[in-house]
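Here is my note on the model you sent.

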Protein chains: 2
Amino acid sequence: MRISELSRRSGVPITTIKYYLREGLLHPGRATAPNQAEYDDSHVRRLRLVRALVGVRGLSVGAAKEVLGGVYEREGDPHRVLGLVLGATADAADTGDAAGGAASPRMSEVDALLDALGWQVSEDASGKAVVARTLDTLAELGTDYDWKRLVPYGELAARIAAVDLDGIEGIRDPLEMAERALVLTVLLEPALMALRRLAQEHQSAVRRGAGPEGPDAPGAPAGGVSPPPAP
Amino acid sequence: MRISELSRRSGVPITTIKYYLREGLLHPGRATAPNQAEYDDSHVRRLRLVRALVGVRGLSVGAAKEVLGGVYEREGDPHRVLGLVLGATADAADTGDAAGGAASPRMSEVDALLDALGWQVSEDASGKAVVARTLDTLAELGTDYDWKRLVPYGELAARIAAVDLDGIEGIRDPLEMAERALVLTVLLEPALMALRRLAQEHQSAVRRGAGPEGPDAPGAPAGGVSPPPAP
């Protein structure tokens, strides 16, 4: 198809498509004349993915290019694709949180957490710095949240990761697999955090006894009504 | 204590403290002379919280002020504090994701998801718009991820919320409760997403059979070793 048809089908303006082509975010079409090229379904798919990364998650064009370049290079190897997607999107999205984390004195606590969870991850996984930084902040705030308080969160994160990986198991087309890994990792993050907030709201109402059928008790003591027994 | 001592103990420069006082992010001290005030531990604690909100999560001063103002006004009512924290921080952090979501045609799918999970949440909960927007994007990308695929994620989010709420159960001091709710909701988000990425990396290695004891199989077929039957 010509670039005008590519624009129509992807919903991306022609000028933006040309910009992505110049920046290497989109692979070139098949040249049919000095100033003319033919595009196919792979271009439509890639444009949608770029739009999702840049538009929805607010990645810079440079960060999106790095992620996509790596994904398509390693498309034959699911594990390496996933590793790259995890690392690159974390770097791009959490630079502020991760900065300086590698040298954090909390890194030994992060290692203790990973040991307790039985996880083997690469030494320089960017997620480690984010967790270390969070532990630092929690300590600065004077909370009693240390790495042991993160163990139940880690166990639930492991169950989320199992659902994530089930979603890419059995996909045979390497390109589709790479894109699916990217979608699951990057695009689902806001939805997961939104579901957590919605669940907090629901459970807070239930614990307070302020559900639609329950009594609305404005004088209920702080801490809520009938807390469940500790697990 | 004087402002210099407050600066030393909180680690926040005097000029920044004065700025927070002018902007209403920090409550005034007790005036002891026309240009002099006395501060106490509540100021140290509040400053650390402001620094965490503005520094770690990148909230604007205006957004942080809104969150803190609401939290301290409603400090006697855990459920309302939590509701405010959830709404305000979601608005501040996810404006881009939530924009236009309220009118999304996917909102009925979000309601179906909430029904399936058995959750009761307020009609205008900002998390709903985020989930609707994500469903929109997943459909645009041509994936087969509809609201039913989010049910297992919702179930795990509910278990995370239960751990969250256990963390504020039994706290009697309303100020401490409000601060804890804020910490759990806002500050733990990056750590939770980092744990998910670390768990994905670990499990991907295990499924591929590339663990430290397992064989490293560079020629393994795309899709990993022994994929389960298609659902």
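1. **A bridge between the chains.** I start with B:Asp164, which pairs with A:Arg196 in a salt bridge, with 2.8 Å between the closest N and O atoms. B:Asp164 sits in helix H9 (residues 151-166) of chain B and A:Arg196 in helix H10 of chain A, so this pair joins two chains. Both B:Asp164 and A:Arg196 are buried. Please keep in mind that this is a predicted model.

2. In general, side chains of opposite charge can pair when their charged atoms come close.

3. **Polar links across the interface.** How many salt bridges does the rule find across the interface of chain A and chain B? The rule finds four. Polar contacts between chain A and chain B come to 16 residue pairs, counting those with both residues at pLDDT 80 or more. On the side of chain A that touches chain B, the elements giving two or more residues are helices H3 (41-56), H5 (78-93), H7 (107-117), H8 (126-140), H9 (151-166) and H10 (174-208) of chain A. H10(A) provides the largest share of that side, with 25 residues.

4. **Extent of the interface.** Chain A brings 87 residues to the contact and chain B brings 86 residues. About 8,700 Å² is buried between chain A and chain B. Carbon and sulfur atoms give 64% of that area.

5. **The nonpolar core.** The largest nonpolar core holds 123 residues. Which residues have the most contacts inside this core? They are A:Trp119, A:Val131, B:Trp119 and B:Val131. Domain 1 (1-56) and domain 2 (77-195) of chain B both give residues to this core, so the core lies between these two domains.

6. **A:Val131 up close.** Set aside neighbours within four places in sequence. A:Val131 is then in contact with A:Val110, A:Leu113 and A:Leu150 in chain A. From chain B, A:Val131 is in contact with B:Ala191, B:Ala194, B:Leu195 and B:Leu198.

7. A:Val110 lies in helix H7 of chain A. A:Val110 counts as buried because its relative accessible area is 1%, and the cut-off for buried is under 20%. From A:Val110 to A:Val131 is 21 residues in sequence, and 6.8 Å in space from C-alpha to C-alpha. Not counting residues up to four places away in sequence, A:Val110 touches A:Lys128, A:Val131, A:Ala132 and A:Leu135.

8. **A bridge within chain A.** Over all chains, the rule gives 18 salt bridges. One salt bridge joins the side chains of A:Asp136 and A:Arg106, at 2.8 Å from N to O. This pair links distant parts of the chain, 30 residues apart. A:Asp136 is in helix H8 of chain A, and A:Arg106 is in the loop between helix H6 (95-98) and H7 of chain A. A:Arg106, A:Glu109 and A:Asp136 are linked in a network of salt bridges.

9. **Buried or partly exposed?** A:Asp136 is buried, at 19% relative accessible area. A:Arg106 is partly exposed, at 22% relative accessibility.

10. **A bridge within chain B.** The side chains of B:Asp111 and B:Lys128 meet in a salt bridge, at 3.2 Å from N to O. B:Asp111 is in helix H7 (residues 107-117) of chain B, and B:Lys128 is in helix H8 (residues 126-140) of chain B. The two residues are 17 residues apart, and the pair links distant parts of the chain. B:Asp111 is partly exposed at 31% relative accessibility, whereas B:Lys128 is buried at 3%.

11. **A:Ala63.** This residue, A:Ala63, is found in helix H4 (residues 61-73) of chain A. A:Ala63 is buried, with a relative accessible area of 13%. A:Ala63 and A:Leu53 are ten residues apart in sequence, and their C-alpha atoms are 9.2 Å apart.

12. **Chain A as a whole.** Chain A has ten helices and two strands. From the N terminus on, the order of elements is α-α-β-β-α-α-α-α-α-α-α-α. Of the 231 residues in chain A, 52% are buried. Among contacts in chain A with a separation of 6 or more, residues 24 or more positions apart account for 55%.

Key:
Residues are numbered from 1 along each chain as its sequence is written. Chains are lettered from A and ligands numbered from 1 in the order in which they are written. This is a predicted model: local features need pLDDT of at least 70, side-chain atom pairs count only at pLDDT 80 or more; totals for chains, interfaces and linings use all residues. Side-chain values use heavy atoms; hydrogens and water are left out. A nonpolar core is a set of buried Ala, Val, Leu, Ile, Met, Phe, Trp, Tyr and Cys residues joined through side-chain atoms within 4.5 Å. Buried means under 20% relative accessible area, exposed over 50%, partly exposed in between (1.4 Å probe, protein chains only). Domain bounds come from an automatic or database domain assignment. Contact means heavy atoms within 4.5 Å. Buried area is the accessible area (1.4 Å probe) that two parts lose on being put together, summed over both. A polar contact is a pair of N or O atoms within 3.5 Å; within protein, one must be able to donate a hydrogen and the other to accept it, and residues adjacent in sequence count only if both atoms are side-chain atoms. Helices (H or I, at least four residues) and strands (E, at least two) are DSSP runs, numbered from the N terminus.
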